[in-house]
Amino acid sequence: AEFSPSAWMIVEDGEIVGLCSIISAPERGEIHVGYGIAPSRERRGYVTRAIGELLEWARKDPRVTHVSADTGVENIASQRVLERNGFIRIGERIDPEDGRVICWQASVD
């Protein structure tokens, strides 16, 4: 009932391979997500499936209309994860920790 930032472990074959997080509670219907995968488990589709499942979950919550995420401008693999899940590029910004990032958004309604 109460919405707060949270995280889920990405588990494949009984092994934790990554993490998927909701970084902020809905503001004007939007939640912001982040994710990461162990370097030894990259390029196996784990994050693509995890983000897809997160979007399915978000579609069931009436408080959520959009999901946003950021990727580094050089992180092509992460950009592909979002594109495969229907995210569109909506701009760029400078992050204090990560530098220049691409901003993405997907509609869930």
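Mentor: A residue counts as buried under 20% relative accessible area, as exposed over 50%, and as partly exposed in between (1.4 Å probe, protein chains only); Arg59, at 41% relative accessibility, is therefore partly exposed. This is a predicted model, in which local features need pLDDT of at least 70 and side-chain atom pairs count only at pLDDT 80 or more, while totals for chains, interfaces and linings use all residues. Residues are numbered from 1 along each chain as its sequence is written, and side-chain values use heavy atoms, with hydrogens and water left out.

Trainee: With which residue does Glu56 form a salt bridge?

Mentor: A salt bridge is a side-chain nitrogen of Lys or Arg within 4 Å of a carboxyl oxygen of Asp or Glu. Glu56 forms one with Arg59, their closest N and O atoms being 2.9 Å apart, and both residues lie in helix H1, 3 residues apart, about one turn of the helix. Helices (H or I, at least four residues) and strands (E, at least two) are DSSP runs, numbered from the N terminus. Glu56 is partly exposed because its relative accessibility is 43%.

Trainee: Where do Glu83 and Arg80 lie?

Mentor: An α-helix has 3.6 residues a turn, so residues three or four places apart point the same way. Glu83 and Arg80 both lie in helix H2, 3 residues apart, and their side chains meet in a salt bridge of 2.9 Å, N to O. Glu83 is partly exposed at 39%, and Arg80 is partly exposed at 34%.

Trainee: Which residues of H2 are buried?

Mentor: In H2, which spans residues 76-84, they are Ser78, Gln79, Val81 and Leu82. They cover an arc of only 155° around the axis (taken from the directions from the helix axis to the C-beta atoms), which puts them on the same side of H2. After H2 comes Gly86, whose phi is positive, near 85°.

Trainee: In what order do the strands form the sheet?

Mentor: Two strands pair if DSSP finds at least two bridges between them. Here 6 strands form an open sheet in the order E1-E2-E3-E4-E6-E5, with mixed pairing. Strand E1 (6-12) and strand E5 (88-95) stand at the edges, each having a single partner strand, so one side of each is left without a neighbour in the sheet. Strand E2 (residues 15-27) runs antiparallel to E3, to which 7 bridges join it, and Leu19 stands opposite Gly36 in E3.

Trainee: Which residues are linked with Arg93 in a network of salt bridges?

Mentor: Asp70 and Asp95 are linked with Arg93 in that network. Between Asp95 and Arg93 the closest N and O atoms are 3.4 Å apart; Asp95 counts as buried at 14% relative accessibility, whereas Arg93, at 34%, counts as partly exposed.
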